[in-house]
Amino acid sequence: MFHVKLCYTIKMKIWYDRKSKDPTYFVQKGYRNGKKTTTKNIAKIGKHSELLKITDDPLAYAKEQVLKYNEEEKKNNKISLEVKINFAEKIKASDDLVSSSTNLNIGYLFLQQIYHDLEIGAFFKKITQPLKITFDPNTVNRFLTLARILEPDSKLGTFKHLARFYEQPAFEYVHILRTMDILKEHYDEYITHLYEKSSSIVKRNTAVCFYDCTNYYFEIESPDDDYVDEVTGEFIKGFRKYGLSKQHQPNPLVEMGLFMDADGIPLSMCLTSGSDNEQTTAIPLEERLTKMLRGKKFIYCADAGLGSLDIRKFNSMGGRAFIITQSIKKLSDTMKTAVFNDCDYRLLSTNEPVSINDLKAFDKNVPKNKDLYLDKAYKIIHADKLCDLGFYEEKITKNGRQQTVKAKGTLKQHLIITFSRKMMEYQRFIRNRQIERARKMLIDLDPDTYKKGPHDVTRFIKRTAKTKSGEQATDLYEIDQSVIDEEEKYDGYYAVATNLDDSAKNILAISSKRYKIEDCFRIMKTNFCARPVYHHNKERIIAHFMICYTALLIFRLLEKKLDAYGTHFTVENIIETLKNMNVANIEDLCYMSTYTCSQTCTALNAVFDLELDKKYYQPKELNKKCKKISG
């Protein structure tokens, strides 16, 4: 037997067996731990017969002792409690195949505070009012979202591990599927609601809206079939289809388009078939975004793959503008000549004239040249005629197919060309490593497996056939210096097309923030494990990504609040801290923290004021916090 003292705020009362002739008086406390109510005798005052030796009225004496406990609580906001621990006591037997931890996570409450502030509970209450349902879809959606951040798993896996959360929600797996169906039915309303309510949490910076697309592949043997609705005659295209993928996965895909604001916080998203051209997703989603922003002007910013003529035209109306990266390699010969003509270039920092040849030749190891090495040169080329740029647009032919044709017409825009010595050297460093790999391949290259790709190291290998008269041809492999020379011409150069009349420095600064949307995709794919997706029908797949989108929004809002407080932590720092914030149940009397304090933990408590930095917690204290932010 062992005694341990715990200190925390409690309120006591007297307890004794009123039927006993010689009762024993105790100081007793009642605890409500979730749905479970427990009473504990926390201190023994004494037997009635023993107390008669020191007082004529043992009951009155016992009540006075209880008052002293309560007075000590008011005075010191704590009281000592003795708990007996029997080291010989066994764990209760169970039929479960695998043992589970009894620790409960409370770190999710920081995320739940933002979920509550988004008023998602009110949204579900509104849309389910006409429905006769026996479960709370908001509770289901809340824990699916929180689990996606802290313990990403399949929906069934999440359902099986709900006991990890302090609240331990009770709903059935079928309720998860039904909630996903409800979510999909109100897709546009839900995305709009999240934007509007997030604007009351942090100020949304929508002056610039960044757009990009990514693919999620499915490990299935064949794509979804197209079919025609027998009643309406509507042609319905399969959702999971083969398409282009950066990872070259030979699997059917679903494509996601995502808009984010200037702070990296998501604004809206769309999901389309994997075989759709990503350029066709931008304008429909942007039209919905414009309505959501109520006609507010903004700058559309995207990479070259999402900057077709139609997209640029669309963002030249309604007070909108565009900033789109431009491939110099795809420019017309006339425009390339203008780019490589070493005149009219100026330093980005001082706007002083500079020569590209001088930037390539100076000694970067001289200390006074350090600023020049980190600087960039730029020039502006007006390009009102699209034919000068070599742009192309997608057109629908009579048979319904898409065809790429040369763009015609004019559009007010100009190119900002930049050159960076630092970027040039980095690109040549990477290429030299690839060339070295290509040279090693030449030693034992197998002609039967030789495949020349546009981006892999084999592009530097040239194959020629040599023969003598009447003899069989022999393939010779060697490094193709002409390919290396051609690529080196573009090293250090970068181009942006825009219709803005702002300074080059400001436009390039906006374009440089496009990395944040790639970071959004990385978080969803890597940290939130958005794939694999364990669903087959289109509606559930879309609902799955709506949950991932909500998780991303909540996490970005949390990051924004931390940044506003003056602290910044990595995604991994924050998630690991929240996951480690577990408490252990001490005989149903209180909960003891099993986590340490940290910079991340301190900042979270300072920002959200949830006081989750204590050593011990009363059940009623945690229950009160949960109830306050459970909506």
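Visitor: What makes Asp276 count as exposed, buried or partly exposed?

Guide: This is a predicted model. The relative accessible area of Asp276 is 25%. Buried means under 20% and exposed means over 50%, so a value in between is called partly exposed. Asp276 is therefore partly exposed.

Visitor: Why is the contact between Asp276 and Lys237 called a salt bridge?

Guide: The closest N and O atoms of Asp276 and Lys237 are 2.6 Å apart. The cut-off is within 4 Å, so the pair qualifies. Asp276 lies in the loop between β11 and α9, and Lys237 in the loop between β9 and β10, so the pair ties together parts 39 residues apart in sequence.

Visitor: How do you know that Glu196 and Arg294 form a salt bridge?

Guide: Their closest N and O atoms are 3.6 Å apart. That is within 4 Å, so the name applies.

Visitor: Which label does Arg294 get, buried or exposed?

Guide: Arg294 has 69% relative accessibility. Glu196, at 35%, is partly exposed.

Visitor: What makes Arg431 and Glu487 a salt bridge?

Guide: The N to O distance is 2.9 Å. The limit is 4 Å, so the pair passes. Arg431 is in helix α15 and Glu487 in helix α16, 56 residues apart. Both residues are buried. Salt bridges with shared partners join Arg428, Arg431, Arg459, Glu487 and Asp491 into one network.

Key: Residues are numbered from 1 along each chain as its sequence is written. This is a predicted model: local features need pLDDT of at least 70, side-chain atom pairs count only at pLDDT 80 or more; totals for chains, interfaces and linings use all residues. Side-chain values use heavy atoms; hydrogens and water are left out. A salt bridge is a side-chain nitrogen of Lys or Arg within 4 Å of a carboxyl oxygen of Asp or Glu. Buried means under 20% relative accessible area, exposed over 50%, partly exposed in between (1.4 Å probe, protein chains only). Helices (H or I, at least four residues) and strands (E, at least two) are DSSP runs, numbered from the N terminus.
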